[in-house]
Amino acid sequence: MTKSMRLSCANCGAVHAKWSGRCDECGAWNSISEDAPLSTGPRSKGLGSVRGNVVPLSDLASEDEPLPRDNSGMVELDRVLGGGLVPASAVLVGGDPGIGKSTLLLQAAAAYARKGLRAIYISGEEASSQIRLRAKRLGLADAPVQLAVATDLRNILTTLEEEKPSLAVIDSIQTVWLDTVESAPGSVSQVRAAAHELTSFAKRKGFSVVLVGHVTKEGQIAGPRVIEHMVDTVLYFEGERGHQYRILRAVKNRFGPADEIGVFEMTGTGLAEVANPSALFLSGRDAGSPGTTVFAGIEGTRPVLCEIQALISPAPAGSARRSVVGWDGGRLAMILAVLEARCGIPFAGLDVYLNVAGGLRITEPAADLAVAAALLSAREDVHLPSQTVVFGEIGLSGMLRPVGKTEARLKEAKKLGFESVILPDRSKTGTATGMKVQMMPDLATLVGEVFGAG
Ligand code: TYD
Ligand code: MG
């Protein structure tokens with residue numbers, strides 16, 4: 001190892017003093033490798049102190065006009081961006097390889113181009129013929145998008161300088177390399193330097209740049225997490241491999257709410273927008289079977305209903321399993337513990353499987369009560385009255401806590417034909433909903449009243 005090398009994690013970028021098999025910052029395995037420091041080129045001359053631009057905060061506050069926005073016409077995408085793309089902003093779109101990032105961004109570039117934005121799509125992963133073939137399949141063959149295939153940063157910047165786009169898509173940031181950085185393309189230092197150069201160039205020239213980044217658990221290629229702080233907006237494109245739904249989620253947005261989601265469906269001719277995700281996530285639901293509940297959740301600014309499924313089965317001696325898809329395993333363990341400690345319902349010796357149907361991933365504590373109801377329903381083999389939605393947070397004492405946006409959740413449930421709701425005491429249901437409302441102070445009440453157990 002030369003002196004200028006250091007060890008860092010390709011997943012999270014943490015710097016380590018010595019090599020180990022697992023990064024103790026992010027927990028990734030086999031992700032630590034040698035990494036050249038960011039600047040190995042010659043130092044810029046002189047250290048003259050240049051005064052930065054200083055303005056009083058009050059001046060900025062007086063500019064309270066709304067931000068200008070460019071709409072793509074893809075409603076789901078515009079919403080996730082906070083109401084359209086802010087000119088001269090930098091966006092990172094991360095996701096597993098093969099999840100559909102290139103398809104999404106090619107469609108987005110075409111949509112913006114059709115709205116009159118000068119868009120260029122620069123690929124380092126596919127040949128132009130391949131991209132054209134894809135565009136044809138997506139019905140975008142006639143879209144006025146410029147295409148370029150390049151990986152060398154100098155070529156990319158020259159192209160951008162000549163083309164003067166309003167929007168540039170770089171697919172992917174892991175393929176871009178600088179000859180001033182010693183490590184291999186895709187390494188942390190290359191990705192970091194390339195992202196820095198591209199975003200600052202875009203800001204300087206006043207165009208928007210969208211960087212595509214692969215997330216890899218193996219850490220062979222630098223994860224997009226190392227560049228999240230350089231961009232204005234971070235979107236993750238996610239979904240279960242076997243499902244046809246894809247969710248575009250804002251995890252950071254300087255120009256809009258984070259946690260907003262856009263829902264897409266994969267089709268043979270590209271991604272189709274899903275205008276009513278609740279209907280999609282509830283389609284094919286088996287309302288009459290025990291172990292399922294419908295959770296009225298909020299994703300970003302929008303209510304989304306989805307089905308939570310639980311399965312409980314006797315475990316072989318001494319090896320009870322807890323398996324969760326679409327929710328937090330730690331939160332499940334907490335709810336099982338509360339059910340046992342506060343309601344006297346043990347799950348020892350039982351395998352517990354929990355699944356959020358449709359490939360959605362829920363992070364709201366508001367799902368606690370729906371999860372508890374699904375677990376009880378599965379364990380007691382009693383099904384909840386169909387057409388009932390459930391939501392509410394559970395405390396360690398077993399008390400239920402009201403959650404935000406109760407009215408919006410109820411409205412969505414009613415719109416989809418639900419007739420009753422189970423929720424915590426003191427919830428603000430607002431004006432009459434026309435639904436049967438069952439408010440409960442604690443989990444024990446749910447156990448007694450709804451399941452007749454405990
Ligand atoms: P791709 O966009 O290449 O994924 P990524 O850029 O994230 O690696 O999509 C992967 C494959 O899935 C590709 O062969 C095209 C196919 N696909 C469809 O057929 N329909 C779709 O709607 C999407 C999103 C992808
Ligand atoms: Mg791709």
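Me: In this predicted model, which residues come nearest among those around ligand 1?
Reply: Gly98, Lys101, Ser102, Thr103 and Arg134 come nearest, out of 14 residues around ligand 1.

Me: What makes the pair between Leu271 and ligand 1 a polar contact?
Reply: A polar backbone atom of Leu271 is 3.4 Å from an oxygen atom of ligand 1. The cut-off is 3.5 Å, so this pair counts as well.

Me: How much of ligand 1 does the protein cover?
Reply: The cover is 76% of the 540 Å² of accessible area that ligand 1 has on its own.

Me: Which element supplies the largest share of the shell around ligand 1?
Reply: Helix H3 does, with three residues. H3 (101–114), H4 (128–137), S11 (261–267) and S12 each supply at least two.

Me: Why are S6 and S12 said to stand at the edges of the sheet?
Reply: The open sheet has nine strands in the order S6-S5-S7-S8-S4-S9-S10-S11-S12, with mixed pairing. S6 (146–149) and S12 (270–273) each have a single partner strand, so one side of each is left without a neighbour in the sheet.

Me: What makes S5 and S6 a pair?
Reply: Pairing needs at least two bridges. Four bridges join S5 (residues 119–123) to S6, so the two strands pair, and they run parallel. Tyr121 stands opposite Leu147 in S6.

Note on methods: Residues are numbered from 1 along each chain as its sequence is written. Chains are lettered from A and ligands numbered from 1 in the order in which they are written. This is a predicted model: local features need pLDDT of at least 70, side-chain atom pairs count only at pLDDT 80 or more; totals for chains, interfaces and linings use all residues. Side-chain values use heavy atoms; hydrogens and water are left out. A residue is near a molecule or strand if one of its heavy atoms lies within 4 Å of it. A polar contact is a pair of N or O atoms within 3.5 Å; within protein, one must be able to donate a hydrogen and the other to accept it, and residues adjacent in sequence count only if both atoms are side-chain atoms. Accessible areas come from the Shrake-Rupley method with a 1.4 Å probe; for residues, only the protein chains shown count as cover.
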